[in-house]
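User: I am new to this structure and would like to go through it step by step. Please keep the answers plain.

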Amino acid sequence: MAVTGDPRRVGWEPNLMTGVVHFLDPYRYRSTFHRMNPDISEEEFAQDYLNHLEEIILYEGPESIAGILMESVTGTNGIIIPPQGYMQGVRALCDKYGIVMICDEVMSGFGRTGKMFAIEHWDVVPDIMTMAKGLTSAYAPLGAVAMKPEIAAAFDEHAFESGLTYTSHPISLAAAVANINAMREDKIVEHVAGMGGVLRRMLTDLGEAHPSVGEVRNIGLFGILELVKDRKTKEPMAPWNGSSPEMAALKKYCTDHGLFLYTHWHTVLIIPPLIITEEQLKEGMDILDKALEITDKVANK
Ligand SMILES: Cc1ncc(COP(=O)(O)O)c(C=O)c1O
């Protein structure tokens with residue numbers, strides 16, 4: 001709870017682990033730093049956010065920082081796909097200052113982005129990785145933490161002072177092994193990699209057809225539409241950490257027409273089953289296409 005940037009943290013403050021400092025995601029569509037120069041190159045954009053991170057590291061005192069934790073691709077809070085060079089840069093900063101790099105792959109792991117783990121898109125190896133959801137394809141509840149051998153070795157000397165009723169539950173572990181084998185046999189990750197382009201095309205088409213779509217993004221089958229009232233000002237269809245009648249109506253239309261999807265503030269998340277076919281994806285997108293007429297009504301043309 002302490003380390004998350006998700007606003008569900010706030011209700012717990014200040015009764016959380018101390019010493020946590022947050023930094024900004026490289027979120028291009030709404031980058032405060034780049035309002036005046038939105039056409040900056042991807043490399044320069046990534047470098048600006050790395051500079052921001054390094055500045056925070058220096059102010060906080062590098063020797064006092066144990067770890068940097070981030071989702072390899074931020075999930076619920078915006079499918080924020082790091083620009084080329086960013087993750088490599090975070091790795092380099094961690095190496096430079098002796099900081100442990102921790103990647104949260106709970107949402108982005110196990111094929112979701114078209115690689116087994118999202119961080120592989122940038123050829124970066126974190127020191128610690130968290131995983132859950134896709135680890136068993138949710139057939140059984142299981143979370144896990146992977147770490148480099150030198151970090152794991154610390155627990156040979158010092159017991160990890162914790163206990164959970166279902167730690168290493170054999171049913172969940174068997175489900176994980178079976179799931180990973182099935183993913184390999186059925187070439188699920190390869191399928192998702194191929195579907196990424198299909199989803200991109202469908203999202204782009206929706207974006208072109210609907211004035212309430214400000215931006216679409218996806219990596220593999222991890223996608224999002226940002227809905228806005230005005231494409232120029234980027235005023236969101238619902239406020240940060242809030243909802244709006246239009247977003248509620250869009251969600252209701254989809255549910256009423258048999259499409260279950262996740263709306264979050266002013267965004268619509270597209271996170272379908274990894275085995276989805278092009279036809280099935282199209283079926284869902286056709287419903288969303290109609291639902292977007294609801295938000296279009298309040299969007300400046
Ligand atoms: C990115 C991310 N990290 C961590 C968690 C928490 O995972 P768990 O419920 O397995 O502890 C979630 C849960 O939704 C998540 O989406």
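This is a predicted model: local features need pLDDT of at least 70, side-chain atom pairs count only at pLDDT 80 or more; totals for chains, interfaces and linings use all residues.

User: Into which domains is the protein chain divided?

Analyst: The chain has a domain 1 and a domain 2. Their C-alpha centres lie 24 Å apart. In residue numbers, the division is domain 1 (7–131) and domain 2 (188–296).

User: How many residues does the contact take from domain 1 and from domain 2?

Analyst: Contact here means heavy atoms within 4.5 Å. By that cut-off, the contact takes 22 residues from domain 1 and 27 residues from domain 2.

User: Which three residues supply 39% of the area that domain 1 buries against domain 2?

Analyst: The area buried between the two domains is about 2,100 Å². Carbon and sulfur atoms give 65% of this area. On the side of domain 1, three residues supply more than any other three, and they are Tyr29, Ile79 and Arg112.

User: Which side chains meet in a salt bridge?

Analyst: Across the interface of domain 1 and domain 2 the rule finds one salt bridge. A salt bridge needs a side-chain nitrogen of Lys or Arg within 4 Å of a carboxyl oxygen of Asp or Glu. At 3.1 Å from N to O, the pair is Arg30 and Glu226.

User: How do the residues of the shell around the ligand divide?

Analyst: The ligand is surrounded by Glu71, Asp104, Val106, Met107, Ala132 and Lys133. By class, these shell residues are three nonpolar, no polar and three charged.

User: What part of the area that the ligand exposes when taken alone does the protein buries account for?

Analyst: A polar side-chain atom of Asp104 lies 2.6 Å from a nitrogen atom of the ligand. In the side chain of Lys133, an N or O atom is 2.7 Å from an oxygen atom of the ligand. Taken alone the ligand exposes 390 Å². Of that, the protein buries 47%.

Key:
Residues are numbered from 1 along each chain as its sequence is written. Side-chain values use heavy atoms; hydrogens and water are left out. Domain bounds come from an automatic or database domain assignment. Buried area is the accessible area (1.4 Å probe) that two parts lose on being put together, summed over both. A residue is near a molecule or strand if one of its heavy atoms lies within 4 Å of it. A polar contact is a pair of N or O atoms within 3.5 Å; within protein, one must be able to donate a hydrogen and the other to accept it, and residues adjacent in sequence count only if both atoms are side-chain atoms. Accessible areas come from the Shrake-Rupley method with a 1.4 Å probe; for residues, only the protein chains shown count as cover. Ala, Val, Leu, Ile, Met, Phe, Trp, Tyr, Cys and Pro count as nonpolar, Asp, Glu, Lys and Arg as charged, and the others, Gly among them, as polar.
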